[in-house]
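Biologist: I would like to learn how to read contacts, salt bridges and helix packing. Can we go through some cases together?

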Amino acid sequence: MRLADLTQHAGEWLRGEGPMYDVVISSRVRLARNLAGMPFLGKCTETQQQEIEQRLRTEVLAGPAAPEMFYVDVRAAGELDRRLLVERHLISRQHAEASHPRGVAVSGDETVALMINEEDHLRMQVLRTGFQLAQAFEDISRIDDALEQRLDFAFHSRYGYLTACPTNVGTGLRVSVMLHLPALKMTGQIEKLFHAASDMHLEVRGLYGEGTEATGDFFQISNQTTLGKSEQQIVSEFVDTMVPSFVQYERRAREALLAERPAAIDDKVARSVALLRSARLMSSDETMYLLSLVRLGANLRRVEGMDLKTINELFLLTQPAHLQRILNREMTPDQRAAARADYLRRRLNLN
Amino acid sequence: MKNQCDKCGKPATVYLTEIVGGQKIEKHLCEHCAAAEGITIKSNVPISQLLEDFILQSAGGEDEASEPTCEVCGMTFSQFRQGGRLGCPNDYDAFAKPLAPLLERAHEGATHHMGKVPHRADSGQKKQAAILRLRAQLKAAIADEDYERAAVLRDQIKEFESS
């Protein structure tokens, strides 16, 4: 498995199925770990950073899942490849843009990504399609347990797993779901959800994590508190209470829209389909916005000949780095807008 | 329901009912005037903001000499406040006092880890701290070009890590 093989299809998390898939796009869990006896990354010399990279690389590739893993030396990778990894949610933007020795080990189906030398020495992530947080947590625990057989992680009897930023200390666990909330947005109820989320000490972010705008009605909701609760408690608060209630709000809003203003919905969806099928210039923001509405239409069964899998794939494949890889040439934003519109027309007029 | 702030006429977001001497007083305030009245509001503050506020709030006007410094990695507390990232695991002890309120604010008042404990936790913090110290010495030895000492330290670190 190589990086170049990834571009033609979408990763597991965009497969377009799984529980509560109409609202929950994907589920993600992340654990932050640091090697004991080593400074955190910012205080490491370059030699130490290399040592960490080599040591962790050897260990993560020695695990039971190793045959299916491939490793990307992120420092040596070209800019386009690094952006590709960001678009696929396999590394963070900070990881892509840094300059020190670092890398990522990825499983063949892309559900597992182990970032080395991000903000912490090791950031492990499991990303799954639909609402599968419990499963994702099981996966990540197994990986963490296996690594702990061979590595000592920095641990404090009072503060738990130690992290470079004190906001991650304790479990080092960040649990998040990517939600598609077009109806709450359309009906102006999204602010209410933000308030509810902040009362529950949750953070709401855009599609690509920290500091990104929520585009195309996609919102990433995650826990802020990592100290003072067990991992199971953090996960079960999400699984049992929070996510089901957000899903319910969105579903109700969709039902209400459909009952009260079906023509308004149908109009928005039909216009989006028409634009995607005929426009000659398309920015990635506009594509995201239109695909979001088509996805809503498909979920409500208000549109013919659009399957969720294709829509999901297009979310990813029309992003700048993917588009350039698929078409195998570097392009300016203007050239991309034309190429993106071409690609969308080709994909969507087939069905 | 009245929707304007009693003080400035802006949209009111805070409704307060006070009983003063048996008399019921209702107040409608905007966020700004409520803050001016000393009524604290729980608002949507992202974690990064929280950290920044904390950093700004406690910045400046401190005695440099008495500032907490980590003897292992050399980081000072004001360096942490500037960058928002700690230098090494020992900082959690070196900055225990000033860090405590920040941790409580960031984690819903929590003060102790309640989750997973590594299988090898018994190998202990002492050992971890010892290795950290050795590494700091190693770094210094290399900087001084004292390679003999560096080689000895490196062996000691290896020994510790494999024990």
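Biologist: Which residues does Asn90(B) touch, not counting residues up to four places away in sequence?

Modeller: This is a predicted model. In it, Asn90(B) touches Cys70(B), Glu71(B), Val72(B) and Leu132(B), with residues up to four places away in sequence left out. Asn90(B) sits in the loop between helix 3 (77-83) and helix 4 (91-94) of chain B.

Biologist: Is Asn90(B) buried or exposed?

Modeller: Asn90(B) has a relative accessible area of 14%. Buried means under 20%, so Asn90(B) is buried.

Biologist: Now chain A. Where is His9(A) found?

Modeller: His9(A) lies in the segment before strand 1 (24-33) of chain A. Its relative accessible area is 33%, so His9(A) counts as partly exposed.

Biologist: Which residues does His9(A) touch, not counting residues up to four places away in sequence?

Modeller: With that same exclusion, His9(A) touches Arg88(A), Glu110(A), Leu316(A) and Leu317(A). Take Leu316(A). His9(A) and Leu316(A) are 307 residues apart in sequence, yet 8.8 Å apart in space, C-alpha to C-alpha.

Biologist: On to salt bridges. What is the general idea, and how many does the structure hold over all chains?

Modeller: Side chains of opposite charge can pair when their charged atoms come close. Over all chains, the structure holds 27 salt bridges. One of them joins the side chains of Glu46(A) and Arg75(A), at 3.3 Å, N to O. This pair links distant parts of the chain, 29 residues apart. Glu46(A) is in helix 1 (residues 46-60) of chain A, while Arg75(A) is in the loop between strand 2 (69-73) and helix 2 (79-87) of chain A.

Biologist: What is the relative accessible area of Glu46(A), and what is the relative accessibility of Arg75(A)?

Modeller: Glu46(A) is at 43%, so it is partly exposed. Arg75(A) is at 37% and also counts as partly exposed.

Biologist: Where do Glu53(A) and Arg57(A) lie?

Modeller: Both lie in helix 1 of chain A, 4 residues apart, about one turn of the helix. Glu53(A) is buried, with a relative accessible area of 7%. Arg57(A) is partly exposed, at 31%.

Biologist: Which residue forms a salt bridge with Arg123(A)?

Modeller: Asp120(A) does, with the closest N and O atoms 3.0 Å apart. Arg123(A) counts as buried at 9% relative accessibility. Asp120(A) counts as buried at 0%. Salt bridges that share partners join Glu118(A), Glu119(A), Asp120(A), Arg123(A) and Arg85(B) into one network.

Biologist: Last topic, helix packing. At what angle do helix 8 and helix 9 of chain A pack?

Modeller: Two packed helices are described by the angle between their axes and the distance between the axes. Helix 8 (residues 262-278) and helix 9 (residues 284-299) of chain A pack at about 130°, with their axes 9 Å apart. That angle makes helix 8 of chain A oblique to helix 9 of chain A. Their crossing is left-handed.

Biologist: Which residues of helix 8 of chain A meet helix 9 of chain A?

Modeller: Helix 8 of chain A brings Ile265(A), Lys268(A), Val269(A), Ser272(A), Val273(A), Leu275(A) and Leu276(A). In helix 9 of chain A, they meet Glu286(A), Leu290(A), Leu291(A), Leu293(A), Val294(A), Leu296(A) and Gly297(A). The residues of this contact divide into 10 nonpolar, 2 polar and 2 charged.

Conventions: Residues numbered from 1 in each chain as written. Chains lettered and ligands numbered in written order. Predicted model: local features only at pLDDT ≥ 70, side-chain atom pairs only at ≥ 80, totals over all residues. Heavy atoms only, no water. Axes fitted to C-alpha atoms, helices over the stretch in contact; angles between N-to-C directions. Helix = DSSP H or I, 4+ residues; strand = E, 2+ residues; numbered from the N terminus. Parallel < 35°, antiparallel > 145°, perpendicular 65-115°, else oblique. Left-handed = near helix turned anticlockwise from the far one by under 90°. Contact = heavy atoms within 4.5 Å. Nonpolar A, V, L, I, M, F, W, Y, C, P; charged D, E, K, R; others polar. Buried < 20%, exposed > 50% of the residue type's maximum accessible area, 1.4 Å probe, protein only. Salt bridge = Lys/Arg side-chain N within 4 Å of Asp/Glu carboxyl O.
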